[in-house]
Amino acid sequence: MTSTEGTRVSRRKLFGLAGAGVALAGAGAAAGIGIDKATSGNAEASTNVVDFHGEHQAGIATPAQANLHFAALDVTTKDREKLRALLKTWTEAARRMTAGQEVVANGAVGSGAYAPPGDTGEALDLPASNLTLTIGFGPSLFDGRFGLAGKRPPQLIDLPLFPKDKLDPARSGGDLCIQACADDPQVAVHAVRNLVRLGFGVTEVRWSQLGFGRSSSTSREQQTPRNLFGFKDGTNNIKAEEPDVLRDQVWAEAGDGQAWMAGGTYLVARRIRMHIETWDRETLDGQEKIIGRTKGTGAPLGQTAEFDELDLDVGGAGGEKLIPEDAHVRLASHQALNGVRILRRGYNFVDGSDGVGHLEAGLFFLAFNRDTRKQYVPMQQALSSKDAMMEYVQHTGSAHFAVPPGVTRDASWADALFS
Amino acid sequence: MTVRKTPSLAVLAGAAALVTLAACDSKSQPAAAGGPIKVAASDTACEVSATTANAGNLTFEITNKGTKVTEFYLYAEGDRIMGEVENIAPGLNRRLIVEVADAGKYQTACKPGMAGDGIRGDFTVTGGVAKQNDTNAQKAEATKSYAGYIANNTSALQDETVKFADLVKAGKVDEAKAAYARTRTYYERIEPVAEKFGDLDPAIDVREADLEPNQQFTGFHRLEKDLFKTGLQPDSAQIADKLVTDVKTLVGKTKTLELSALDLANGAKGLLDEVATGKITGEEEAFSHTDLWDFQANVDGSKGAIASLRPVLQAKDPALVSTLDKEFANVQGLLDKQRAGDGFKSYTELSQDQVKEFASAVDALSEPLSKVAEVVSK
């Protein structure tokens, strides 16, 4: 950061103090108060930046933030070099924004009175808010347009149609995707808005989705959140503290098919409409049997605490299984799926109302896995055909992306794919 | 639907005059114990030879003198079905024997065209045993009453499905199209029961959009597609035969089904959920757009289950009963506005405002319905 970025006073102070915040953390509450005063009310000084660089892209196994703005885009040019250049531009912009900086230096008000500002400005004065930006490539990017057909990973399949799908083409597919997650929704929206702006002439937005209330946790540090059905969601999710499981179930390796994807993963995005009103009329007993967990603690039926191991065979009165055959947790469990797991990163959404007075609401399901053919597809096939919850949900959007590996300080999102 | 309390003499054919006179003679007289009560049904009247009877086994002899297929019902308060006879073709005589143990106000009804509330008349039962209030006995009575409702609908379902399948097999496309929605009515009324039998419900009622990989598209909606969209296919007759087989299996299985009062409560709610997610959106009948027929049948089925539970609910939460009556009537009022002939307008003719009005009325009914299970469980 340079001292010429004079407009972003509070954010600059934050960065100045970031190191100090870490050092002071052990000193307890008094130190926290000191930081609060020094930064005009921002207590997140020491923790609000997620490193953009690394072996894997941030925004996958890093702790899930509170808010999401997801965009799927189509490439409108046929010029391979333009696409490659845009990916480099995007990388630089993402590098800056995830660090809490404007998309270009002095962009919001410092680029002259007679040009539109280089940064749209709505994130000025806001902290970095743990913003992560994650990019993915859809199956359609690997058609003939850019000479990439030979680079398509075998795992990046066109998803099959699942029973009860009611997919809206206007909410499905895409050549590229950008996942922006942040603790402040305005920061996430700002990031996507500016990347889209940089892409005009090369890309156009196909569809996008806002999400709130992360519906899963990716770290044991985090409390398990609740979905719009009021249940804890993602208790059994893969956690950052399980590197072996991440290695086996999430991260692609060079030998998996396409060497350029080593360290990457595959993202399945599904917009799942929930019929909130009919669910709310379901009895508590009925709700718990559909999910397979208690609503209060989130314990599996027959157990006492949330993280108690699922026992799919625990019996109740009359020899009936306490977790019914069509319960969601049974069908989605790795016990029922030959050990298969996925890393979930979904968000709740409410897109207003649907025109007949019902909430247009649900779960925007984002999941990362190493091989969609072997992980997501069999899981969703089991759920679509048997899950008691399917009475209350409908899949209305669907997309699949190859998420390339992370980048080093001088590299770009284009490097792996175009190397 | 207009409820005609007194039959119009002018429309009665000469043959019916005798019965009319008999009715006048016996109007204030209870029917002789066990003696048959004659019912002359026509397209516009429902002439019952006695309007009072002593408690016990009552026998009704129904003659259809009209031109439409008709039905006859004896209802207790809240349209609880004491007994019914369906599918009485023109010219036929059918008999209904029904045990009425309790004194009270009842209603008779003929339903020419098998649609709507029917032509109603008051019917008073005197004497009989004292009303019991034991909850368990009431619940047992409720499930017995509902089992009767199921039996009536499954038997009609079987008859109508055989006829429908025959029309398909004979290549009579227009007649099969006309029979399609009516045949499904009997299925949609009892769908929560059908859903208890694993693969039978999908085999009979799966929608094309919900097919699983490698699942064959069979049942009503497959024939719906053949009739209304693609034209009959080489295997349409085979599909029709399979539908008849599956329906017969279902009917057989329902005979041994043991339901609890809670099953009735949940079934009543489940039927309205079907309306809220499948019929209001026009998803169910993607090719024929006869969703409003299903809507009516789901409401009928829900109402049937609640009617069976009525004595239990009345004893525990009378306010809930009157709320349900009011909201059922509200939904019915909206449906009646969309009637066309013996059935309903096409879903595609509804305006967005009308769809919204339906959704709102179904929500208003579904909320109190969702409380029934708790009241019953007390």
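Predicted model: local features only at pLDDT ≥ 70, side-chain atom pairs only at ≥ 80, totals over all residues.
Next I asked which part of chain B faces chain A. Helix 8 (261-279) and helix 11 (352-369) of chain B each supply at least two residues. Helices are DSSP runs of H or I, at least four residues, and strands are runs of E, at least two, numbered from the N terminus. Helix 11 of chain B gives the most, 7 residues.

I then checked salt bridges (a side-chain nitrogen of Lys or Arg within 4 Å of a carboxyl oxygen of Asp or Glu). Chain B and chain A share 5. I noted Glu283(B) with Lys166(A), at 3.5 Å, N to O.

I turned to the strands of chain A, which pair if DSSP finds at least two bridges between them. Strand 7 (residues 347-353) runs antiparallel to strand 4 (residues 203-214) over 2 bridges. There Phe212(A) stands opposite Asn348(A). Strand 7 also joins strand 8 (residues 359-369), antiparallel, by 5 bridges. I saw Ser353(A) opposite Leu359(A). Their hairpin has 5 residues between the strands, and Gly355(A) takes a positive phi near 100°.

For the record, residues count from 1 along each chain as its sequence is written, and chains are lettered from A in the order in which they are written. Local features need pLDDT of at least 70, and side-chain values use heavy atoms, without hydrogens and water.
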